[in-house]
Structure formats: structure tokens, C-alpha cells
Amino acid sequence: MHNRPIPRWLSWTVPILALIAFIAVFINFLQHVTEAHAFDQSRQTSLLGKPAPFSKYLGYDDYTGKTTSLNGRIPPKGPAYQASGTGAANGIAGGGRMTLPVGSQVLYAFQKFGQVPRRMSCLWNYPSGTVNTPPTYAFTNDTTGTLPYLHGESDATFFLLRLGVNGANFTLPAWWVSANYTLVSGVQYQSELNYDGGTNASMVMRNAATGAVLGSQTVHDPQLATYAGSWVFSEFLDNLLQINRCTVEATTSYPFPTLNTVLETTFPTNASGFVGDPAFGGSAVWNSAGSITISASAYPLGGGVPIGTLNSGDTYWASADISAETGCTAGNPCVWTVISGTSPISTIQPLPATAGRAQFNFAITSSVTDARLLITGPNNPGGIAFSVTLSQYNSYRNTPSAPPTPPQLQ
């Protein structure tokens, strides 16, 4: 058998096929590299497009970093702190906490935002000792306390959310309802101040580890918007307190109730619903903007507000700002009640003998169609001429007996 020579065409076909195979593999490699690069670019773009860690907050601070003076500290998100109060030079932050290590002093940690916040919340604890004063929060109009501010204070068992002017001059909101709690040392808590931007505010106390709501308070006041400002502060009144994180937000999810309003007025142009009592006599006279005077020669003459229909078991919440009184004393005060015709349908309550805000939730004992609030003179003994001057009056039917259930821990 003779060996045949390899055809010339086959000698150059094999290298060409090998080259084609190499090119195909190389193209496939380039495709994978391109796709991987595109995926990496896409992932990088996606990561860059994600919101910053603190984007949901107007302000955020978890007090990490070196421990230094609180005054002038720049937090991870939000404006720098301005320390104020007798403890301003001693307030410190760092290592995961903000503290006032010196006793018998007061420290305010102020920040100025570009808008009125809706929620301020802090994690805090007492590592030891007795829980006396959790952090106080405020939405305020300046750093001096001389302008109006919304002031959210609490202690070991209850809230005291008030309206403040000139430092210690506090006023209870026109309406409020509260559920108390009990706090102990060694537990981390989260407490907060909420504001709806209009007439309502609240405070909430939670166990930070479980999110369980321990207590809350809800308040309403038609003048509230004049008190809340774009400055905020957290306040220390105790050197045992340490705050571990604080946030300030532009919104709140607190479920504020809608009240059944009877009358809200500062008497701008007239007596605004107040009249001399038709059953007994007396007068309700408008003096000028922000002032009416109810007067008569003796109990039960006076003046008040027609309410209309009330049913047995209803309540009528009344809040009156008294600016002056005559004939009323601490031992024999002027009084107010809800009546029908000439008969009381609630308890007779004393008015304070000094200027200030009087409040009472009258429990209605009869169903009537002609209910009215009566303000009258001293009744024990009676026969005394009196006058009561009011600057504001707010009243509501059947207000909630407990705060609404706050949202879950945020």
C-alpha cells in the first residue's frame, strides 16, 4: 500500500479553523468582561443612588467619636449645637452618649432648623440611681425662653406637656389627656415630642428594646402654632441621665384625635358666644379684644355659654383663662357648672382665686336640650357681688378619656 500525500487544501484549513475557534472564544470572553463591567457600573450607580443614611431626618446624632464639649459640636446630620444653661460649659458628647456630668446644673442642647420640626425623639437611660428627670424637649422660637415655646417635660411616672413663655411661666394646653407609666434605672427608653404643625402635640414613652408603649399624652390648643418654633432643645436636669441618640424629623405619624369643639375664642370683636344667664340674670360684657367680664350681684346670677343638647353620660370640657376677679377669694371662690333651666346637671366646681387657666371636665348627669355653662359668684356664703374677666375660652364635648395608640417604634 502506498502513502498518499496530504492534500494541500487540508494543510491550511486546519489552522484557519483553529484561528476561528480562538476568535470565538476571545469574543465570548470580551462579552463576559463587558457584561460584568456593565453590571458593576449598574451596581455602583445603584449604590450611589441610594439615600444617605440620615436622609429621613432633619437632625441625627448618636454621639460617636471623641468625647468633647457639646457646645459647637457638629452632628452627623443637622446644625451645630449651642449649649446653654448653668451647665453649658460642662455638657459633653462622645463615646456614644451626651451627658452633663456635674450635678445641680441645667443644660440645654439647642439646634436651629430651617423649619418647625414635627418629631423629636431620643434614646436615653439612667445607668444607675433613681430615674428623676428624663430628657425634656422643646420646639421653640429662640434660645432665651422669653418667646413662646412648646415644652415637653416628663418625670418617672407622668408627662407635663405645656406652653411656655418667659422661662418658668407655663400654661396647660386648652385640652389634654394622659396615660402614666413607671420608669426604672438600667433600662433604655425612647421618649419623643410630636407636633402636627397646627393645634395638636403629644409625648410618648417607650421601652427602647421592645418598642412597647409605656405611656403617652395628647394635647390640643388653638394657639399652639404661635408657640412651636424652628429651634429645638433637649434638656438635662440630672447628672445621672445619659442620652444615646437623638433624631429630629419633618413629619410625624402620631394619630392625633379630632375633637368635638363647642367654642374656641379669644374674644376678638365681641363676647363670642357668652351671654348673661337667661334663667338667673347677670351680664357678659365685651371690653375689648381679648377680654370679656361676667358679673352679677350674687350667686347664682352670672353668664355663660349656651351648649344645646347634652345626654346623660356625656362630658363637657371647659378651659377658661381668667385675667381678673373681684369678690372671689380662696376661702369663698367663684364657681362654674353646667345647668339646664335652673338646675345643675353636673358638679359645681370652684374657680381659682387668682389669674390663670381654669379647666374641668364636667360629667353630665341628665339628658337635656338647653344645656349651658354658667359662671357665677361665691356660693358659700352667697350674696356677694362678683366679676370674672376672661381672655380666652375653649370647650369640647365628649373628649377622649385616653390618648390614642401611638405608632410602632421608629
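This is a predicted model: local features need pLDDT of at least 70, side-chain atom pairs count only at pLDDT 80 or more; totals for chains, interfaces and linings use all residues.
Colleague: Which residues does Leu150 touch, not counting residues up to four places away in sequence?

Modeller: With neighbours up to four places away in sequence set aside, the residues in contact with Leu150 can be listed by name. They are Tyr137, Ala138, Phe139, Leu161, Arg162, Leu163, Leu193, Tyr195, Ala201, Leu224, Tyr227 and Ala228.

Colleague: Which members of the largest nonpolar core touch the most other members?

Modeller: This core has 40 residues, and the elements that give two or more residues to it include β6 (107-112), β8 (136-140) and β17 (242-249). A second, separate core has 32 residues, among them Ile292 and Phe386. In the largest core, the residues that touch the most other members are Met98, Trp124, Phe139, Leu150 and Ile243.

Colleague: Is strand β28 largely enclosed or open, and how many of its 9 residues are buried?

Modeller: A residue counts as buried when its relative accessible area is under 20%. Strand β28, which spans residues 368-376, is largely enclosed by the rest of the structure, because the number of its 9 residues that are buried is 7.

Colleague: Which residue stands opposite Trp336 in β28?

Modeller: Strand β22 (residues 302-310) runs antiparallel to β28 and is joined to it by 7 bridges, with Pro306 opposite Arg372. Strand β24 (residues 335-340) also runs antiparallel to β28, through 6 bridges. In β28, the residue opposite Trp336 is Ile375.

Note on methods:
Residues are numbered from 1 along each chain as its sequence is written. Side-chain values use heavy atoms; hydrogens and water are left out. A nonpolar core is a set of buried Ala, Val, Leu, Ile, Met, Phe, Trp, Tyr and Cys residues joined through side-chain atoms within 4.5 Å. Buried means under 20% relative accessible area, exposed over 50%, partly exposed in between (1.4 Å probe, protein chains only). Helices (H or I, at least four residues) and strands (E, at least two) are DSSP runs, numbered from the N terminus. Contact means heavy atoms within 4.5 Å. Two strands pair if DSSP finds at least two bridges between them.
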